[in-house]
Amino acid sequence: MKLQKRIGIFLMTLVMTAFANAQDKKASPAETVTGKINGATITINYGSPSVKGRAIWGELVPFGEVWRAGANEATTFETDKEITVEGKKLPAGKYAFFVIPEKDAATIIFNKEWKQWGAYKMDAKQDQLRVKATPKKSASMTEKLVYKINKDNITLSWENWDIPVKIK
C-alpha cells in the first residue's frame, strides 16, 4: 500500500510539474538583440513567432497592411545615437518598428509611440521615419522570426524572406 501511495504522489508531482512548465512556454517568446553599427548601440525587442507550416508573406502577414514586425507588443527599435536608415536620418531614441510588406518591397516604419500592443492603434502621424527596403529570398527557411544586427544593416528573417535595412 505504501508503494502505491508513493507512486501516486510521484505521478501527481510529475503531472503538475509538466503542466507548470507548459504554462511558461509562450508561442511567441520575447527576444532581444543588441549590437553596434558605426558606434551606435542598437537594441531590438520583439516577439518571435514560428512558421508552424503556415504561409507567412502575403497570407498570415498580408501584403499592403501594417504589421508589428513580430508578435504580441509592437517590436521596438532603440538607438543611442543618430543613425542613417536607407539614406535618411533617424534621431537617437526608442521607436515602435513596423513593416508594410509588399510582393517586391517593404516599407519600414519607425513610430514615436513605442509602447503599444501590435499595430492595431498605430497612428501614422506619430511616424518619425518611413523608408523602403527590398526583401530577398532566404538561403534557407527560417522557422522562428529573428533579427540580426550586422556591420551595416539589420535584417529581419522569417520563413523564406530576409528583409535587410541599411544603416550607417
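Tutor: Start with a side chain: that of Ser48 reaches the backbone oxygen of Leu145 at 2.6 Å, a polar contact (a pair of N or O atoms within 3.5 Å; within protein, one must be able to donate a hydrogen and the other to accept it, and residues adjacent in sequence count only if both atoms are side-chain atoms). The model is a predicted one, in which local features need pLDDT of at least 70 and side-chain atom pairs count only at pLDDT 80 or more, while totals for chains, interfaces and linings use all residues. Residues are numbered from 1 along each chain as its sequence is written, and side-chain values use heavy atoms, with hydrogens and water left out.

Ser48 is located in the loop between strand S2 (40-47) and strand S3; helices (H or I, at least four residues) and strands (E, at least two) are DSSP runs, numbered from the N terminus. With a relative accessible area of 2%, Ser48 is buried, where buried means under 20% relative accessible area, exposed over 50%, and partly exposed in between (1.4 Å probe, protein chains only). Neighbours within four places in sequence aside, Ser48 is in contact (heavy atoms within 4.5 Å) with Ala27, Ser28, Pro29, Glu31, Lys144 and Leu145.

Ser28 counts as buried because its relative accessibility is 14%. Apart from neighbours within four places in sequence, Ser28 touches Gly47, Ser48, Pro49, Ala71 and Asn72.

Now the strands. An open sheet of 6 strands runs in the order S1-S2-S3-S6-S7-S8, with antiparallel pairing; two strands pair if DSSP finds at least two bridges between them. S1 and strand S8 (127-133) stand at the edges with a single partner strand each, so one side of each has no neighbour in the sheet.

Within this order, strand S3 (residues 71-79) pairs with S6 in the antiparallel sense over 5 bridges, and Thr79 stands opposite Gly93 in S6. Strand S6 (residues 93-101) is joined by 6 bridges to strand S7 (residues 106-111), again antiparallel. Ala96 faces Asn111 in S7, and Ile100 has Thr107 as its bridge partner there. A hairpin through 4 residues links S6 to S7. S6 is largely enclosed by the rest of the structure, because 7 of its 9 residues are buried.
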